[in-house]
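Student: I am new to this structure. Please show me how to read it.

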Amino acid sequence: VEMVARAAAEVGCAVVDELVIEAPLLLPASGGVQLSVSVGEADDAGHRPVTVHSQADETEAWVRHVTATISPSGPIVSLPEFEVWPPAQAEPVEVARFYDELAAAGYEYGAAFQGLRAAWRAGETIYAEVVLAEEQTLEAARFTVHPALLDAALQANILNASGDLRLPFSWGQVQFHTTGAATLRVAVTPVADGWTIQATDDAGRPVATVGSVVARPVAGLGATAEDLFALTWNEIPAPGQGGRTVGRFEDLADDGPVPELVVFTALPDVDADPLVRARALTARVLEAIQRWLGEPRFADSTLVVHTGTDLASAAVSGLVRSAQSEHPDRFILVEGDSSPVEIGLDEPWLRVDGGRYEVPRLIRLSAEPVQEAVWNPDGMVLITGGSGALAGILARHLVAENKARRLLLVSRSVPDDALISELTELGAEVGTAVCDVSDRAALARVLAGVPSLTAVIHTAGVLDDGVMESLTPQRLDTVLRAKADGAWHLHELTRDRDLAAF
């Protein structure tokens, strides 16, 4: 976290939006380890990818440990203010044997990392005071926040934890406000499956805020087949409407009563081009969602959005599911070509087909090793969004694991030279093409020069994020052009090719 934050500062970024620890850094019994922190180009919204790799002495392989995203600014956070320390309502927590008990449980902290000095509890929040070891205090000024101090701050959550040995796995919305602290006053509060962290120095000045830290069992830091889940659809009995009143959105009077369930139908014009349908449908549904959220008289009712099962309707489903994540219990999504006569009140997402009702469920996949398709190594693999972080991750994987030998990275800008050099050193032949995949004619020219295409991976995309109330059809169009238009053009232009994967 410290290294990524320092790298962010070098390029004018103040926020670590997300940081995922993919693998622990295991130190060898002898020799050293080289570390590499790489920052990518900014996208249109200013977000940059960051990776952290290591290479042990006398080895050739570089191991990726961290992927992260940084940005110039993030949401406004409430900075910690501890007017009284410790907080008046907090009860002391005994920490004299804290590190002995941790060692017995499997957390063996050396002297440099035993920084927890005192702790208090108020409700679910743990307040703690952490300090650097005396010999480390002179190092504090070299860091944004000294890693040993940040680690000690995170140890406070162990006072709330139980069960398996767990280590930090992902971090979200990390912001540092002051540098060089040698002592921290910390508040750690559980949220969802992790914690928030707020920290000041011993003078009360804000030092750090962390929107979320999620931990995982140590044994689970390397993904296995048991970590993989798949979406399945299960049939359920036809649900009733539970005596609720039901009406149609278009029939609502401007000042009349609002039924408890209101159905908005967004079925596509089957005669239109899929891309035209997608834009028309999402614009209509966005307008309905914003009206639903904007008028107080709808606050106690649920909007049921009924859409189809074609490609354009899939865009509507994605939009509605985003609205559901921002406004729980305000929307129900029903997919299906037949109109739902009854609505299941306990399911946010249903499919209806000729009286058959289905709901989505996650199932754990078999623990059998995941078998990846074997592609023709001499064929060309085309990756769109070739200058992006996701394309780089996939390209490295394809070359290292699938033994792909020929790659074509297609992007609006030229991919990073370092990525091309790395892939070349791994034995791949790497070509590049500057092309906007939403431009069908330009994409056709690129594909015409690829006679032996074996796979297409579409990672191109443009971010224009915003909460539901702030979106416009124009902002939706910005995102649809790269992702949906690009996918459809790729589909049409390669449908006569014998592809192993699309």
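This is a predicted model: local features need pLDDT of at least 70, side-chain atom pairs count only at pLDDT 80 or more; totals for chains, interfaces and linings use all residues.

Student: Which residues touch the most other members of the largest nonpolar core?

Tutor: In soluble globular proteins, nonpolar side chains tend to be buried together. A nonpolar core is a set of buried Ala, Val, Leu, Ile, Met, Phe, Trp, Tyr and Cys residues joined through side-chain atoms within 4.5 Å. Buried means under 20% relative accessible area, exposed over 50%, partly exposed in between (1.4 Å probe, protein chains only). Here the largest core has 48 residues, and V4, V130, W171, L184 and V186 touch the most other members.

Student: Which residues of helix α8 are buried?

Tutor: An α-helix has 3.6 residues a turn, so residues three or four places apart point the same way. Helices are DSSP runs (H or I, at least four residues), as are strands (E, at least two), numbered from the N terminus. In α8 (residues 440-448), A442, L443, V446 and L447 are buried. They cover an arc of only 135° around the axis, so they sit on the same side of α8. That arc is taken from the directions from the helix axis to the C-beta atoms. On the other side, R445 and A448 are exposed.

Student: Is E335 buried or exposed?

Tutor: E335 counts as buried, because its relative accessibility is 6%. E335 lies in strand β16 (residues 331-335).

Methods
Residues are numbered from 1 along each chain as its sequence is written. Side-chain values use heavy atoms; hydrogens and water are left out.
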